[in-house]
Amino acid sequence: MSDAPVVFISGASRGIGAGIARRLADSGYDLWLNYHSAHAEARALQAEIEEKGRRCRLLPFDVADEEAVGAALEPLLAEETPYGFVHNAGITRDTLLPMMSRQDWDRVLATHLTGFFLLGRLFSKAMLGKRKGRIVAVASVSGETGQAGQVNYAAAKGGMIAACKSLAREVARRNILVNVVSPGLIDTEMIKDLPLERILPMVPMGRVGTVEEVAGVVNFLLGPEAGYITGQVIGVNGGLYM
Amino acid sequence: MEDLKEKLKHILIDEIKLQGITPADIKDDMPLFGDGLGLDSLDAVELVVLIQKHFGVQISDMEEGKKAFTSIANLADYIREHQA
């Protein structure tokens with residue numbers, strides 16, 4: 001048994017999500033890690049986190065599947081209320097709008113936005129009674145500026161930013177803080193097919209960011225020093241968008 | 001019925017954390033919101049969660065909640081009607 005605060009992270013098996021999990025484990029949080037299908041990666045990450053002496057529970061489910069979300073979380077929430085909820089689960093289905101399938105639109109909105117709705121509803125309800133909590137959503141610079149080929153993704157991320165600001169207003173007086181971290185180009189699988197030689201000149205810092213540079217900001221927003229920050233969008237983008 | 005109302009008053013004070021009042025200060029017909037006990041909309045959400053936890057009664061939307069939450073007496077009636 002452990003008295004450490006628990007943080008739930010969606011989409012935690014790879015990329016930025018896994019980086020956040022490692023960073024938060026180093027800070028002493030116990031973790032509930034959601035992921036969709038990357039079982040092997042998730043189990044390896046769990047072993048790594050337990051090695052650091054933290055509790056780590058794996059919760060494989062599709063964040064857009066209401067029944068699966070409830071089945072996985074409701075029994076746990078009846079016993080324990082996490083201190084933090086990090087919504088990081090994300091997918092891309094990039095293509096120009098005239099060529100975008102209905103499925104590509106629906107799927108991207110479902111994971112980011114409906115996922116935030118379903119998870120945020122459960123966690124915020126549980127946090128209200130505790131009179132404390134932190135919610136951090138991982139958005140994207142695309143959700144702030146728009147991006148060709150990402151009408152679906154930018155709409156989802158922009159929607160999430162607006163949803164977080166609204167929720168921040170709703171629950172602020174219960175000491176529940178809601179913020180957004182908005183990464184630019186980060187060195188993950190998600191950017192492996194992008195033409196970096198053309199994109200990097202647009203980044204004032206001239207390089208991609210690291211997963212650790214995003215995870216550090218999430219860690220800060222969960223910590224005591226971020227106690228008066230809510231409804232904010234913190235860019236981690238090397239100056240790509242100011 | 002009296003027991004149920006007493007229990008609800010204790011839940012309001014202990015779990016919604018109403019400050020500076022005792023169960024005796026809460027009249028059965030006192031409005032829970034606004035000029036009565038002064039609960040706010042977030043308190044209402046908490047009350048929904050607590051009613052489910054303590055009595056197994058689900059208040060599925062706030063329209064229903066508004067009717068049930070007009071007073072302790074009405075809330076007690078609501079719980080008795082909906083308890084299996």
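**View 1. Contact between helix H4 of chain A and helix H2 of chain B in the predicted model.** A:Lys125, A:Leu128 and A:Gly129 in H4(A) meet B:Leu42, B:Val45, B:Glu46 and B:Val49 in H2(B); residues are in contact if their C-beta atoms, placed from the backbone, lie within 7 Å. By class, this helix pair contributes 4 nonpolar, 1 polar and 2 charged residues, where Ala, Val, Leu, Ile, Met, Phe, Trp, Tyr, Cys and Pro count as nonpolar, Asp, Glu, Lys and Arg as charged, and the others, Gly among them, as polar. The axes of H4(A), residues 102–130, and H2(B), residues 41–55, come within 10 Å and cross at roughly 100°. The two helices are therefore roughly perpendicular (65 to 115 degrees; under 35 is roughly parallel, over 145 roughly antiparallel and the rest oblique). Axes are lines fitted to C-alpha atoms, for helices over the stretch in contact, with angles from 0 to 180 degrees between N-to-C directions. Helices (H or I, at least four residues) and strands (E, at least two) are DSSP runs, numbered from the N terminus.

**View 2. Packing of H4(A) with H6(A).** The axes of H4(A) and H6(A), residues 151–171, come within 9 Å and cross at roughly 15°, which makes the helices roughly parallel. Their crossing is right-handed (the near helix is turned clockwise from the far one by less than a right angle). Residues of H4(A) in this contact include A:Trp105, A:Phe116 and A:Leu128, and those of H6(A) include A:Tyr153, A:Met160 and A:Val171. The contact comprises 13 nonpolar, 5 polar and 2 charged residues.

**View 3. The largest nonpolar core.** Of its 85 residues, A:Ala21, A:Leu31, A:Leu33 and A:Val218 touch the most other members. Such a core is a set of buried Ala, Val, Leu, Ile, Met, Phe, Trp, Tyr and Cys residues joined through C-beta atoms within 7 Å. H4(A) gives the most to this core, with 11 residues.

**View 4. Positive phi at A:Arg131 and A:Asn175.** Phi of A:Arg131, in the loop between H4 and strand E5 (133–138) of chain A, is near 60°. A:Arg131 is exposed, with 12 other C-beta atoms within 10 Å (exposed, 12 or fewer; buried, 20 or more; partly exposed, in between; C-beta atoms placed from the backbone). A:Asn175, between H6 and strand E6 (176–183) of chain A, also has phi near 60° and is partly exposed, with 15 such atoms within 10 Å.

Residues are numbered from 1 along each chain as its sequence is written, and chains are lettered from A and ligands numbered from 1 in the order in which they are written. In this predicted model, local features need pLDDT of at least 70, side-chain atom pairs count only at pLDDT 80 or more, and totals for chains, interfaces and linings use all residues.

Definitions and conventions. Contact = placed C-beta atoms within 7 Å.
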